[in-house]
Amino acid sequence: MRTLLFEIKESMLIALRAIRANKVRSSLTMLGIIIGITAVVVMSTAIKGIDNSFQTGMSALGSDVLYIDKWAWFTNEDWWKIRARRNINMEDYERFEELATLPSAVAPVINSRQTIKYGDRRVESVFLNGSTADYVKTTNFTFDMGRFYSEIESKSSRHVAVIGSEIAKNLFPRGDALDKTIKIGGVSFQVVGVLSEQGSWLLGSFNPDNQVFIPIGTVFKNFLGQAWNSITINVRAKSPTLLEETKIEAEGIMRKVRGLTINDENDFSINQQEGLMTTLYDVVGVIQIAGLFITGLSLFVGAIGIMNIMFVSVKERTREIGIRKAIGAKRRTILGQFLLESSAICLMGGMVGLLLAVLVSMMINQFIPTSVQYDAVIIAILVSLITGIIAGLAPAYTAAKMDPVEALRYE
Amino acid sequence: MNIINIEHIARVYQVGSEEVFALRDVTLRIDKNEYVAIMGPSGSGKSTLMNLLGCLDTPTSGKYEFNSVSVSDMSDNQLAAIRNKEIGFVFQTFNLLPRSDALHNVELPLIYAGISYHERRERAEHALTDVGLKDRMHHKPNELSGGQRQRVAIARALVTKPSIILADEPTGNLDSKTGEEIMVLFTEIHEKGNTIILVTHEEYIAEHAARIIRLRDGLVEKDEMVSNRKVPKVGMSV
């Protein structure tokens with residue numbers, strides 16, 4: 001045991017000596033592994049970042065909420081057929097709400113995009129939601145300041161607004177948004193609440209912190225004609241386990257409300273997060289696998305580079321190997337020396353790659369929230385070490401089994 | 001006592017479909033503290049014999065006992081251990097590690113012998129001092145003259161206190177004055193009780209030895225004691 005440790009230590013010193021003696025070659029070899037490790041670590045961190053923001057985005061949707069809509073999120077039906085459906089209007093909503101027994105909350109929603117101004121500050125293309133006071137019950141919103149608008153404010157279509165955290169940040173850098181009067185599409189609204197930050201939504205241009213909520217009546221009055229626009233009815237089940245029952249009930253009620261007979265197809269869709277989840281998960285999964293495969297490939301190329309250079313190095317140092325054998329180096333000593341050399345090169349490359357990866361993900365962090373995690377660090381070190389051993393194995397074996405007489409004769 | 005006992009040794013190389021006899025049938029004994037020169041023209045088999053004596057190679061047939069232990073059928077690792085502990089090599093081309101300094105070169109066999117850092121440093125420094133390179137320890141081979149390089153190689157050969165010193169044309173790459181200095185050093189080493197086997201094709205080098213074994217075509221042609229042995233004045237080497 002002690003002699004083994006001694007041998008490992010001495011082989012390590014010899015390997016380090018060899019690396020130091022061939023600085024240029026060693027660092028060129030390292031380059032391959034540096035690029036490989038950087039790519040793999042950055043990719044896996046980016047994937048984790050995508051995953052995280054995907055999850056936050058998804059949880060913002062709520063796993064226990066149904067969205068009754070003219071449009072289906074996922075469908076095999078022809079687009080023109082769906083387009084021909086009747087709009088869902090406020091009457092549908094009111095009758096639905098009356099009849100539904102299972103939901104914990106029901107709220108009509110209509111969306112628009114508007115510019116919001118306060119003084120000379122403005123935010124373009126804000127996602128505007130018109131709804132009732134019950135809307136907040138279909139969400140998990142928390143408030144930085146103020147509250148959601150009340151039922152009275154909603155029913156009487158008062159010009160009050162609840163704004164997302166990012167809008168608040170942009171319009172009121174000093175954080176004094178409450179009770180200020182802002183202009184939404186040129187119409188004055190009073191801010192009654194500011195939502196807490198919900199995290200960015202990666203897919204598409206939708207950002208949950210860049211929303212405004214106002215009473216639905218004010219939307220119809222100022223921005224969208226009631227007759228021409230279909231609303232969405234958000235229905236929250238009492239619990240996620242009751243979602244399926246709530247959905248069945250909702251379908252029955254909607255058919256009744258819409259006056260469909262037994263032979264009619266549904267002229268509405270009941271959307272839920274689950275469908276979105278599975279479909280998007282598939283997409284994200286494919287991106288992840290493709291990304292890891294491509295970056296893995298660069299690591300593989302790096303490993304081949306190392307193997308190549310180790311072979312050259314063994315060939316070039318044939319005489320050295322002969323000398324070492326002549327003065328008593330055993331096969332395993334030579335094997336260990338070259339294995340340790342390639343592992344050490346890879347490990348150093350891995351460290352540098354890791355460092356670069358941290359820098360790169362700091363840059364990416366501007367777009368996608370990412371950070372290099374401990375597990376990525378451990379994986380990078382392990383991967384580079386294993387790469388080094390695998391890449392060094394064949395060349396080291398070649399070196400170890402060299403005939404000392406031949407090796408000493410090598411010019 | 002015999003250090004080396006070779007009986008009917010042969011070494012055959014396979015070149016294509018042809019068998020080439022480098023050594024046909026060699027029998028010889030070398031005692032402790034002998035100073036032997038192995039001579040012969042090129043192709044006589046002297047390099048092959050040296051490789052066998054040095055345990056770098058194993059015979060095709062015949063018996064080789066080193067210190068009464070048969071090495072004919074030892075494994076690679078066992079041979080490596082014998083080379084490490086019992087044999088000190090001195091080569092024509094010095095064969096030092098080019099990127100390591102003199103001290104590390106001398107230290108190397110002790111590393112393979114598993115000797116701790118402090119002891120091997122001390123022994124390597126001592127060996128270098130013995131060959132007169134006390135103030136050249138941290139020079140790399142390319143910063144040393146040919147003679148100095150060969151001294152480093154001799155120090156490396158001596159540092160493990162081996163049973164024999166095997167020198168293959170040790171003066172072949174040196175000018176005659178430097179070569180003579182190296183031969184004086186060998187005489188000194190011999191007088192300290194070491195066994196030296198010298199392979200050379202030059203008569204005046206071989207005459208430093210006490211006994212000359214002449215090879216021809218893979219056989220021992222002549223094995224004789226040197227009558228007019230050159231014994232240089234010891235002390236002038238350093």
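Q: When does a residue count as buried, and what percentage of the residues of chain B count as buried?
A: A residue is buried if 20 or more other C-beta atoms lie within 10 Å of its own, with C-beta atoms placed from the backbone. The model is predicted. Chain B has 238 residues, and the share of them that counts as buried is 48%.

Q: How many helices and strands does the secondary structure of chain B come to?
A: Both kinds of element occur in this predicted model of chain B. The count is seven helices and ten strands.

Q: Which term describes the packing of helix 3 of chain B and helix 5 of chain B: roughly parallel or roughly antiparallel?
A: Helix 3 (residues 102-112) of chain B packs with helix 5 (residues 146-158) of chain B at an angle of about 30 degrees, and their axes are 8 Å apart. Angles under 35 degrees count as roughly parallel. Helix 3 of chain B is therefore, relative to helix 5 of chain B, roughly parallel.

Q: Which residues of helix 5 of chain B make the contact with helix 3 of chain B?
A: The crossing of these two helices of chain B is right-handed. Helix 3 of chain B contributes B:Ala102, B:Asn105, B:Val106, B:Leu108 and B:Pro109. By class, the contact has six nonpolar, one polar and one charged residues. From helix 5 of chain B come B:Val152, B:Ala155 and B:Arg156.

Q: Which helix of chain B gives the most to the side that touches chain A?
A: In the contact between the chains, 20 residues of chain B meet 17 residues of chain A. Helix 2 (76-86) and helix 3 of chain B each supply at least two residues of that side of chain B. By class, the side has ten nonpolar, five polar and five charged residues. With six residues, the helix that gives the most is helix 2 of chain B.

Q: What is the bridge partner of B:Glu7 in strand 4 of chain B?
A: Strand 1 (residues 2-15) and strand 4 (residues 61-66) of chain B run antiparallel and are joined by five bridges. In strand 4 of chain B, B:Glu7 has as its bridge partner B:Lys63.

Q: Which residue in the turn between strand 4 and strand 5 of chain B has a positive phi?
A: Strand 4 of chain B pairs with strand 5 (residues 69-70) of chain B in the antiparallel sense over two bridges. B:Phe66 has B:Val69 as its bridge partner in strand 5 of chain B. The two strands form a hairpin with two residues between them. The residue in the turn with a positive phi, of about 55 degrees, is B:Asn67.

Notes:
Residues numbered from 1 in each chain as written. Chains lettered and ligands numbered in written order. Predicted model: local features only at pLDDT ≥ 70, side-chain atom pairs only at ≥ 80, totals over all residues. Axes fitted to C-alpha atoms, helices over the stretch in contact; angles between N-to-C directions. Helix = DSSP H or I, 4+ residues; strand = E, 2+ residues; numbered from the N terminus. Parallel < 35°, antiparallel > 145°, perpendicular 65-115°, else oblique. Left-handed = near helix turned anticlockwise from the far one by under 90°. Contact = placed C-beta atoms within 7 Å. Nonpolar A, V, L, I, M, F, W, Y, C, P; charged D, E, K, R; others polar. Pairing = 2+ DSSP bridges. Buried ≥ 20, exposed ≤ 12 C-beta atoms within 10 Å, placed from the backbone.
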